[in-house]
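Subject: Structure for you to look at

Hi,

Here is the structure I promised to pass on. Please open it next to this email and follow along.

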Amino acid sequence: MKKNSAAPEIVLYGDETLRQMSTPVEEITPELKEFIAAMFKTLRQVKGIGLSAPQVGVNKRFFILDLTSASFEFDEIVMINPEIISTEGEQCGEEGCLSFPGLYLEITRPERVVCRYFDVDGNENEVEAEGLFARAILHETDHLNGKLYIDYLAPAEREMISGKLKKIKVSA
Ligand SMILES: [Zn+2]
């Protein structure tokens, strides 16, 4: 990870990084903290809700969320080595992904989630999230496992968006 405070660029669908299994963060270094701060710059620039490390080309297990617009208990949150402890219920809603510009899909996910993670100071925390907060945690945790929201689509649905996917891939 190079020491660079410039906002890292988001990689798009088709980039290999998005399909790889990310490895745990072993140490929270000043460089990592700096990189995370830079990721927040990127996230704010694109007015996004969540951004995972693989989406900026780093296959490490962490992501950031900015829920300012939705006024949750947490505005900005960093989750390092997150672990989904339990899920409950079901929600269906429109979901986007910064690695798929302009592609919004109806995705069904659990309504509630309990997630254990480390914050940037190395403290272990547990959060109980619901609604959009839960959806964001699950979406970003999937990224750490090389899983993308399009993987939830049935083959016929996937076929319907194949043209859009090709366009995103070409521009990558
Ligand atoms: Zn995403």
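Start with one definition: rings of Phe, Tyr and Trp (its six-membered ring) pair if their centres lie within 6.5 Å, and planes under 30 degrees apart count as stacked, over 60 as edge-to-face and the rest as tilted. Ring pairs link Tyr13, Phe100 and Tyr149 into a cluster.

Two notes on the source. This is a predicted model, where local features need pLDDT of at least 70, side-chain atom pairs count only at pLDDT 80 or more, and totals for chains, interfaces and linings use all residues. Residues are numbered from 1 along each chain as its sequence is written, and side-chain values use heavy atoms, with hydrogens and water left out.

**Rings**

The count is 2 aromatic pairs. Tyr13 and Phe100 are stacked, at 4.9 Å centre to centre and 25 degrees between the planes. Tyr13 sits in the segment before H1, and Phe100 in the loop between S4 and strand S5 (105–109), 87 residues apart. (Helices, H or I with at least four residues, and strands, E with at least two, are DSSP runs numbered from the N terminus.) Phe100 and Tyr149 are edge-to-face, at 5.1 Å and 65 degrees. Tyr149 lies in the loop between H2 and H3, 49 residues from Phe100.

Buried means under 20% relative accessible area, exposed over 50%, and partly exposed in between (1.4 Å probe, protein chains only). Tyr149 has 1% relative accessibility, so Tyr149 counts as buried too.

His139 and His143 are separated by about one helical turn because they are 4 residues apart in helix H2. His139 is buried at 5% relative accessibility, and His143 is buried at 1%.

The largest pocket holds about 430 Å³ of space. Of its 22 lining residues, the closest to its centre are Ile49, Glu95, Gly96, Cys97 and Leu98. A pocket is found on a 1 Å grid over the protein atoms alone, as an open set of points where a 1.4 Å probe fits, with protein on both sides within 12 Å along at least five of seven lines; lining residues have an atom within 4 Å of a point. The volume is the space filled by probe spheres set on the points, which are joined across faces, edges and corners. H2 gives the most to the lining, with 6 residues.

**Salt bridges**

A salt bridge is a side-chain nitrogen of Lys or Arg within 4 Å of a carboxyl oxygen of Asp or Glu. The count is 9. One of them joins Glu95 and Arg135, with the closest N and O atoms 2.4 Å apart. Glu95 is in strand S4 and Arg135 in helix H2, 40 residues apart. Both are buried. Shared partners join Glu95, Arg109, Arg135 and Asp142 into one network.

Another salt bridge links Asp151 and Arg19 (2.8 Å, N to O). These two are 132 residues apart. Asp151 is partly exposed at 29%, and Arg19 is partly exposed at 37%.

Best wishes
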